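We'll walk through it piece by piece, starting with the backbone and ending with a few individual residues.

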Amino acid sequence: MKVLIIGGSGFLGTELVRQAIAAGHEAAATFASQPGMSSGVAWHRLDVRDPVRVARLIADVAPSVVINASSGLSDWAVTADGAVRVALAAAEQGCRLAHVSSDAVFSGVHVRYDESSLPDPVTPYGAAKAAAETAVRLLVPGAVVARTSLILGHGQSGHERTVHDLAAGTRAGVLFTDDIRCPVHVEDLAAALWEIALSDAAGVFHLAGADALSRHDLGVLIAQYQGLDGAQLPTGRRADTNLLGALDVRLDSRATQQRLRTRLRGAHEFLREDGRVTQDPLLLPRQQ
């Protein structure tokens, strides 16, 4: 099967590409500034703000499945408008579409959110993601919208690198004790995305881990399993800052999990398993 990963050079995109190649799919992927390191994939530079280029690329590649894992954070032209352009092009070519969304579409007022929960974002990024969700569902009724949370794995994610730097004293900042999410391992997330994308499922799905943890508690776990001193991690409260964003957002993925063969592990489990890998000199963490 021919597949296209939009945002294939990112953290999640890299794992999506790796799994597509391992499964024997003919894979193409896009990048904004430089291609990823994976071989065996056709790399294409793409600015999703360019509607002509988006439409031409999807027409030329002619994939059966498109996964949009790109994000411009709070840049509306990328995160919202770009997603609309990908959805329009996928609809025109009759491609199956899976769109990766975020728990940032929620305010945290209700704390727990299942797949039926309606977005109520409180940040520009969350608003852009919510707008993208709406466009994808209306333009491509058979599409998958997959909301996820904090993505970790093999010490290579932004949050894991931050924990390493804070523990080493090479970075200023704190880990919030009141900012709670449901972290997911990048391998689990990618596998679940492929499982759903390659099925005939449609609608909204939640792909988050089973454990709800604050940024600080998560940092302590990362430190514990990576041989760092968690006691050195500085703490703070997001509520005491002027930063926008929800405090406690817990994606309820139980309904989605019941439909999956892929198991979405909690952070306690996958960080322990990642720690075992990094402690074995013969099993170094994969470079992303």
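What follows is a tour of the sheet, the helices around it, the ring pairs and some residues worth a click.

Keep in mind that you're looking at a predicted model. Start with the sheet, which is open and built from seven strands in the order S3-S2-S1-S4-S5-S7-S12. The pairing is parallel. At the edges sit strand S3 (42-45) and strand S12 (203-207), each of which pairs on one side only. Step from one strand to the next and the twist averages 20 degrees. As a reminder, strands of a sheet pair through backbone hydrogen bonds, either parallel or antiparallel.

For a look at one of those pairings, find strand S1 (residues 2-6) and strand S2 (residues 26-31), which run parallel and are joined by four bridges. If you click on Lys-2, you'll see that Glu-26 in S2 stands opposite.

Now bring in the helices. Helix H3 (residues 76-93) packs on the sheet, where it touches S1, strand S4 (65-68) and strand S5 (96-102). The direction of H3 makes about 165 degrees with that of S5. Helix H4 (residues 124-139) packs on the sheet too, and the strands it touches are S5, strand S7 (144-148) and S12. For H4, the angle with the direction of S5 is about 160 degrees.

S7 deserves a stop of its own. How many of its residues are buried? Five of its five, so to speak a strand that is mostly covered. In general, the side chains of a regular strand alternate between the two faces of the sheet. In S7, Val-144, Ala-146 and Thr-148 point one way, while Val-145 and Arg-147 point the other way. All of these are buried, Arg-147 included. S7 has a parallel partner in S5, with five bridges between them, and Val-144 is the bridge partner of Ala-98 there. Five bridges also join S7 to S12, again running parallel. In that pairing, Val-145 has Val-204 of S12 as its bridge partner.

The axes of helix H5 (residues 158-168) and helix H7 (residues 215-225) come within 10 Å and cross at roughly 75 degrees. Angles of 65 to 115 degrees count as roughly perpendicular, so that is what H5 is to H7. Who makes the contact? On the H5 side the residues are His-159, Glu-160 and Val-163, and on the H7 side they are Arg-215, Leu-218, Gly-219, Ile-222 and Ala-223. Sorted by class, that contact comes to four nonpolar, two polar and two charged residues.

On to the aromatics. A search of the whole structure turns up two aromatic pairs. One of them is Phe-31 with Trp-43: the ring centres are 6.4 Å apart and the planes are at 70 degrees, so this pair is edge-to-face. The two residues are 12 apart in the chain, with Phe-31 in strand S2 and Trp-43 in strand S3. Phe-31 is buried, at a relative accessible area of 8%. The other pair is Phe-106 with Tyr-113, whose ring centres are 4.1 Å apart. Their planes are at 15 degrees, so the rings are stacked. Both Phe-106 and Tyr-113 are buried.

Finally, a few loop residues. Val-111 isn't a glycine, yet it has a positive phi of about 65 degrees. You'll find Val-111 in the loop between S5 and strand S6 (112-113), partly exposed with a relative accessible area of 26%. His-154 has a positive phi as well, about 60 degrees, and is not a glycine either. It lies in the loop between strand S8 (151-152) and H5. Is His-154 buried or exposed? At 9% relative accessibility, His-154 counts as buried, because the cut-off is under 20%.

The last stop is Thr-262, in the loop between helix H8 (254-257) and helix H9 (267-278). Thr-262 is buried, with a relative accessible area of 16%. Leaving aside residues up to four places away in sequence, Thr-262 touches Asp-188, Ala-191, Ala-192, Glu-195 and Gln-257. Take Asp-188: Thr-262 is 74 residues from it in sequence, but C-alpha to C-alpha the two are 6.8 Å apart in space.

Note on methods: Residues are numbered from 1 along each chain as its sequence is written. This is a predicted model: local features need pLDDT of at least 70, side-chain atom pairs count only at pLDDT 80 or more; totals for chains, interfaces and linings use all residues. Side-chain values use heavy atoms; hydrogens and water are left out. Two strands pair if DSSP finds at least two bridges between them. Axes are lines fitted to C-alpha atoms, for helices over the stretch in contact, and angles run from 0 to 180 degrees between N-to-C directions. Contact means heavy atoms within 4.5 Å. Angles under 35 degrees count as roughly parallel, over 145 as roughly antiparallel, 65 to 115 as roughly perpendicular and the rest as oblique. Ala, Val, Leu, Ile, Met, Phe, Trp, Tyr, Cys and Pro count as nonpolar, Asp, Glu, Lys and Arg as charged, and the others, Gly among them, as polar. Rings of Phe, Tyr and Trp (its six-membered ring) pair if their centres lie within 6.5 Å; planes under 30 degrees apart count as stacked, over 60 as edge-to-face and the rest as tilted. Buried means under 20% relative accessible area, exposed over 50%, partly exposed in between (1.4 Å probe, protein chains only).
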